[in-house]
Amino acid sequence: MGTGRFAWMVLLSIIFITSAPLLSAQTAADNQAARIAALEQQVTDARTSGDNAWMLTSAALVLMMTGPGLALFYGGLVRKKNVLATMMQSFSMMAIISILWALFGYSLCFGPGNSFIGGFHHLFLHGVGAQPDPDYAATIPQQTFMIYQLMFAVITPALITGAFAERMKFSAMALFMILWSIIVYAPMAHMVWGKGGMLNASLGGRFPTLDFAGGTVVHITSGVSALVCALSLGKRLGYPKQPMPPHSVVLSFIGACMLWVGWFGFNAGSALAAGSLATSAFIATHFAAAAAVVGWSGAEWLRNGKPSALGAISGAVAGLVAVTPAAGFVGPMSALVIGFVAGIVCYLMVVKVKARFGYDDSLDAFGVHGAGGTLGALLTGIFATSSVNPIFKDAQGKTLASGLIDGNAHQLLNQFVGVLMAWGLAVIGTLIILKIVDLTVGVRVTKDDEIQGLDLSQHGEEGYYWEVPA
Amino acid sequence: MTKIEAIIQNSRLDAVKDALHEIGVEGMTVLEVRGHGRQKGHTEFYRGREYTVDLIPKIKLELVLPDKMVDQVIQTITSAARTGKIGDGKIFLSRIDDAIRIRNDERGEGAL
């Protein structure tokens, strides 16, 4: 009995002594796993912080493009009596489109839906919170993605205002833009960038169109709609006989410089992260703008004997437009080519084509954004390379060729489909909307109001009040 | 009393003003004006659209003087404002019936 008890004790002790290290090893392994998990979480958090910081900054930069960037750019180009009305057309988008976006705009663009338009899943921003949506941007809160995309939805309709400047009713403009952002912008943004969109290149769309930051979604839709507006509204009273030079190229100059800076948020921000792709897009954006200034100014210098300030800033905008779809897919040398070509082509559009056909695209929204956007979208099909952005992969995850210079000639066709969709949607959508607006509030101001100027007739104030010196 | 209205090149204003001060002219009124004489305007280009600017910015000086000073002032203005090119401007003279100093109702040449 005593020995038996002793034997048990010895046995238990042995088990205890031998198993003690095992047990502690088990605890250590648990600890390690917990530590690794904690570290992984910290890495994720750090990445999120970095990406989120850049994306919030980018969102603010893109907002700055509309106000004051575009407002100043367009405001300077009109006559004195229309300066405030023109600036208000851009600024009011910052309010109106933002509200629509919160209610249903974001959902129509980025909510799950069909291949043409998003659904109502994110109505009233339902389900849009701190959690990322990995289909769009895995490292930033979906709220950040949402507010960043809003800034695009704000500036796009504002671009159109250049075509009908100095002659559209404010009420008509507001109604037009509300309808336009639903009928034209939402489907186009969904098709190119939304889940299940038929042109989405990164989420397996049927016709993958490469559009990094909005060549089709932003510039073709707005530019082509602008042309339809200009044709439909008709010319300003006195155009083209009466001289209507810009009342302040200085304002336009400041605006254009702000657009250039803001465009870094627009294009480099479209990487949706703060990594090397953002840098690459930043660089492509800058070089394209620089080359386009030289392209436009050079063409103007040859033709008029002088390079104008207005030409130089218009060239910069044209280059920025053209590189928008390409920014995250092309290298810096391609960006130089894209910019230079865009500078010359847009110059010819504005100077030759507009004069030839006689339409009054007052501030050249079509000549710069429509033409530059189309050119850029097609050139993206040529210059996109997988060495900058391996966007196309086969089933095994092997990188496939991007554009023509990679050997993927087929991409040009896809780009063409994207361009065609954007043109078609813009033309049809805008015609329908103009009809609705014309039947309800009436599109154009009266002759008297137009002569008096929109500042006084639409807003009851003047941009440059003449005060008797005290 | 004589009123002198001299339309001159913008760039000559300082020289004319200094020269007039030197010969003792005490007051003048300067206006920024636009107009054209024989000098044709220039063309400006905005996005390829050509605008002819035929009303050119000029400076207009107005002085009212005692008659005895008029010849000297005219000589001073012409020599200081002349560049020898088309567009140098013109001088117009007209009679002035009376002048009144608002501060103390002084009239005639004394008010100048």
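Start by selecting chain A and colouring it by secondary structure: from the N terminus on, its elements read α-α-α-α-α-α-α-α-α-α-α-α-α. That gives 13 helices and zero strands, where helices (H or I, at least four residues) and strands (E, at least two) are DSSP runs, numbered from the N terminus.

A word on what you are viewing: this is a predicted model, in which local features need pLDDT of at least 70 and side-chain atom pairs count only at pLDDT 80 or more, while totals for chains, interfaces and linings use all residues. Residues are numbered from 1 along each chain as its sequence is written, and chains are lettered from A and ligands numbered from 1 in the order in which they are written.

Now zoom out. The C-alpha trace of chain A spans about 125 × 50 × 50 Å along its principal axes. Of the 470 residues in chain A, 53% are buried, meaning that 20 or more other C-beta atoms, placed from the backbone, lie within 10 Å of the residue's own.

Next, select residues 309-323 of chain A, which form helix H8. How far apart are the end C-alpha atoms of H8? They are 21 Å apart, which agrees with the 21 Å that its 15 residues should span at 1.5 Å a residue (1.5 Å times one less than the number of residues). H8(A) is mostly covered, with 13 of its 15 residues buried.

Finally, show chain B. Ten residues of chain A are in contact with six residues of chain B; contact means C-beta atoms, placed from the backbone, within 7 Å. On the side of chain A that touches chain B, H8 and helix H9 (332-357) of chain A each supply at least two residues.

Definitions and conventions. Buried ≥ 20, exposed ≤ 12 C-beta atoms within 10 Å, placed from the backbone. Contact = placed C-beta atoms within 7 Å.
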